[in-house]
Structure formats: C-alpha cells, structure tokens
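Please have the sequence and the model at hand while reading.

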Amino acid sequence: MSHEIRTPLTSIKGWSETLLTGDMSNEEETRTGLEIISDETERLSDLLEDLLDFSRLDANIIRLKKEIFSIEDLAEDVLRQYRHRFKKKNVETSVSKQAYGVQVFADRNRIRQVLINVVDNALKFTVEGDRIDIRVSIEKGLVRLSIVDT
C-alpha cells in the first residue's frame, strides 16, 4: 500500500517542481502538469478512501446506505467522470442496455466505487483507439454488470 501511495505523491511533487521552476508562459506544459497533478490527486484520494474502507471492514463497522437507483444512469455517470481521460487516449465507451430501466436496491456509492475501480483498471490496460463498454443485463432475476474492454 505504501508503494501505491508514493507513486502519485512522487508524480505530484515532480510536476509541482517542474511548474514552479519552469517557464510559466508555456501553456501546453502548464496544462499538462496541472492535468497530471489533478489526476494523481484524485487517484491518491481514491487510494485513501480504499484504505479507510479496509479499516472499517476489518473493524466490522462498515455501513451500507441502500437506496433504489438506476444502475444504467450510474454507469453513464462513471463513464462521464472519465470522459477527458478517454478522450486523451482516444478510447470509445458505451453503456449497453440489454434491459432498459433497471433499478437496483443497493449502496450507490459502493457500487460507484467498484465501477470506478474496474473502469480505471480497464483504462490502464486499454491501448489508444480501443473500447471500454459497460453492459447491463438481467440473468436469472439478478442484475449483471459487465465491463468489457478490447
């Protein structure tokens, strides 16, 4: 876990120093640096949230906040959250709805986190120009979410 936390911190520190000592009028380098700092800060935040979840799970105090929501809308929200990273890598995405209007009773934030983790992992290993699709289907009365990449 310490390695996982050090990696984004190293990137944030490196780009911060580059921007501070570099040519501030170089808009392309400044934008690139700020985008990387933003992405790595988000990744670090996610890692810390995971660490808190593990701690809560280990202490047996994890609480679920169940509600009824559209699983398809949640999947589209997650893809929208990654839109600029998909665009940067020229990756196409979609939510394939094999069953329309699927509502679930679950902890929306926990399901979101699972989707984010799997989509993020798929993006890491998807090459430029490929696809990532989220498929929503119902099988034997259960909702199935499949994340499919090339």
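How do the residues of the lining of the largest pocket divide into nonpolar, polar and charged? In this predicted model, the lining holds 5 nonpolar, 2 polar and 11 charged residues.

**Largest pocket**
- The largest pocket has a volume of about 410 Å³, and of the 18 residues that line it, the closest to its centre are Arg43, Asp46, Arg85, Asp120 and Lys124.
- Helices α2 (27-58), α4 (83-89) and α5 each supply at least two residues of this lining, with the largest share, 8 residues, coming from α2.

**Second largest pocket**
- Among the residues that line the second largest pocket are Glu49, Asp53, Arg56, Asp107, Asn109 and Gln113.
- While α2 and α5 each supply at least two residues of the lining of the second largest pocket, α5 gives the most, with 4 residues.

**Helix α5**
- Helix α5, which covers residues 108-124, has 17 residues and reaches 24 Å from its first C-alpha to its last, close to the 24 Å expected at 1.5 Å a residue.
- Asp107 caps the N-terminal end of α5, with a side-chain oxygen 3.1 Å from the backbone nitrogen of Asn109.
- The buried residues of α5 include Arg108, Gln113 and Asp120; Gln113 also lines the second largest pocket, whereas Asp120 is one of the residues closest to the centre of the largest pocket.

**Helix α3**
- In helix α3 (residues 71-81), the buried residues are Ile71, Glu72, Leu74, Ala75, Val78 and Leu79.
- Seen down the axis of α3, these buried residues fall within an arc of 160 degrees, so they line one face of the helix.

Technical notes: Residues numbered from 1 in each chain as written. Predicted model: local features only at pLDDT ≥ 70, side-chain atom pairs only at ≥ 80, totals over all residues. Heavy atoms only, no water. Expected span 1.5 Å × (residues − 1). Buried < 20%, exposed > 50% of the residue type's maximum accessible area, 1.4 Å probe, protein only. Polar contact = N/O pair within 3.5 Å; in protein donor to acceptor, adjacent residues only side chain to side chain. Arc of directions from axis to C-beta. 1 Å grid on protein atoms, 1.4 Å probe; cavity = no way out; pocket = protein on both sides within 12 Å on 5 of 7 lines; lining within 4 Å. Points joined across faces, edges and corners; volume = space filled by probe spheres on them. Nonpolar A, V, L, I, M, F, W, Y, C, P; charged D, E, K, R; others polar.
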